[in-house]
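I opened a notebook page for this structure. The entries below follow the order in which I looked things up.

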Amino acid sequence: MSKDSHKHIQKSETSSVNTNSKAIDRFKKLQQKEVVVDAIFNDIVKGKSAALSKGITLIESTKKKDIEKAQQLLEMCLPHANNSVRIGITGVPGVGKSTFIEALGKLGLKKGKKIAILAIDPSSSLSSGSILGDKTRMESLVQSSKVFIRPSPSGKSLGGVAQKTRESIILCETAGYDTILIETVGVGQSETAVHSMVDFFLLLKLAGAGDELQGIKRGIIEMADAIVINKADKDNVLNARKAKNQFAKALHLYPIAQNEWSPKVLTCSAIEEIGIEAIWDMITSYVKLTTENGFFDKNRIEQNSSWLLQTIDEQLKKSFYTNAKIKKELPIKLEAVRQHKTTPFAAANYLLKILKKDTTDL
């Protein structure tokens, strides 16, 4: 055998070894990917908060590889979910939501509950920094190993946050949290988003702040299972009682809901922890009533159906606006509409046909 032939064989063998080595490396990476998800899941089931944080970070990621892992994690968690009471809490800034949640959470701990607090946290439009500081304000709850607090910065996409919050709920339930408190700032459509993912929706109000009539005008009062007048202490007790009567009269104007529950109006002082026990008992009564009449489970099923439809809407919008051809054509069509060279309907139809063709060609 010539030297050249020998060198050729050696080169082929080396190339083969390198190819096999790369294949082994890819297989190892694939195995590592599976192990990571399995490890996170196993630790979440054990109730480890670090793993829960890692899991929620994974589902909040927009990276393609993370989205695949997140879906796998969610599928693993689903059989362990749906074992909590989900409570939505909303109110305008300054109403005392964080103090109220801390007081309610402390009472829940005394009753042996394991509590997760998820905040749909609006981000600053200028700095994208978080406005709320729930972890720093709920000092007594942060210290407990039975409490998990997680803000979700909303940025510009409320729908995306609503989806991630729903998925976070599933992970929290898998970790054994039986009481999920979901807070929203109450300054936009976030109330509707939260209402669509909770079992009980509580509206916090202030007395003597000119807020009573505003609350009646807004559609949010129709969603509330309870209205709680906060800061009913010191010189504000009388104002709180008047506000309570006003809201009680307003609620009587609405027909009985499908859940057969008559919305209640209560007063409390979260900072002095007065009236919190009555609120907890009210929520317990609601859960008992709706469980017995079948609404509790029916509502969960309907919420999941809405979640499916909302996810489809979000994915379709994402597919449209991230399409390379549409990115190129959209500014052209917008300008054509501005100059009255085409109609909005015709421009939209043209762009949608591009998306349809691209989808069909896949």
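Entry 1, helix H4. At 1.5 Å a residue its 14 residues should span 20 Å, and the end C-alpha atoms are 20 Å apart, which agrees. The expected span is 1.5 Å times one less than the number of residues.

Before going on I noted the source. This is a predicted model, in which local features need pLDDT of at least 70 and side-chain atom pairs count only at pLDDT 80 or more, while totals for chains, interfaces and linings use all residues. Residues are numbered from 1 along each chain as its sequence is written, and side-chain values use heavy atoms, with hydrogens and water left out.

Of the 14 residues of H4, 10 are buried, so the helix is largely enclosed by the rest of the structure. Among them are Phe100, Ile101, Leu104 and Leu107. After H4 comes Gly112, with a positive phi near 85 degrees.

I ran the length check on H3, residues 64–77: its 14 residues should span 20 Å at 1.5 Å a residue, and its end C-alpha atoms are 20 Å apart, which agrees. I listed Asp66, Lys69, Ala70, Leu73, Leu74 and Cys77 as buried. Seen down the axis, the buried residues of H3 fall within an arc of 140 degrees, so they line one face of the helix; the arc is that of the directions from the helix axis to the C-beta atoms. Exposed Lys64, Lys65 and Glu75 sit on the face turned away from the buried side.

I found Val198 in the loop between helix H8 (190–195) and strand E5 (200–206). Val198 is buried, at 2% relative accessible area. What does Val198 touch, not counting residues up to four places away in sequence? I listed Arg86, Ile87, Gly88, Ile182, Asn299 and Gln303, contact being heavy atoms within 4.5 Å. Val198 and Asn299 are 101 residues apart along the chain, and their C-alpha atoms are separated by 9.1 Å.

I counted 9 salt bridges in the structure (a side-chain nitrogen of Lys or Arg within 4 Å of a carboxyl oxygen of Asp or Glu). Arg86 and Glu173 form one of them, at 2.9 Å, N to O. Arg86 is in strand E1 (residues 85–90) and Glu173 in helix H7 (residues 158–174), so the pair ties together parts 87 residues apart in sequence. Arg86 counts as buried at 8% relative accessibility, and Glu173 counts as buried at 1%.

Glu273 and Lys106 also form a salt bridge, with the closest N and O atoms 2.7 Å apart. Glu273 lies in the loop between strand E7 (264–267) and helix H12 (276–292) and Lys106 in helix H4, so this pair ties together parts 167 residues apart in sequence. Glu273 is partly exposed at 39%, and Lys106 is partly exposed at 27%.

I also looked up the salt bridge of Glu292 with Lys288, whose closest N and O atoms are 2.9 Å apart. Both residues lie in helix H12, 4 residues apart, about one turn of the helix.

Definitions and conventions:
Helix = DSSP H or I, 4+ residues; strand = E, 2+ residues; numbered from the N terminus. Buried < 20%, exposed > 50% of the residue type's maximum accessible area, 1.4 Å probe, protein only.
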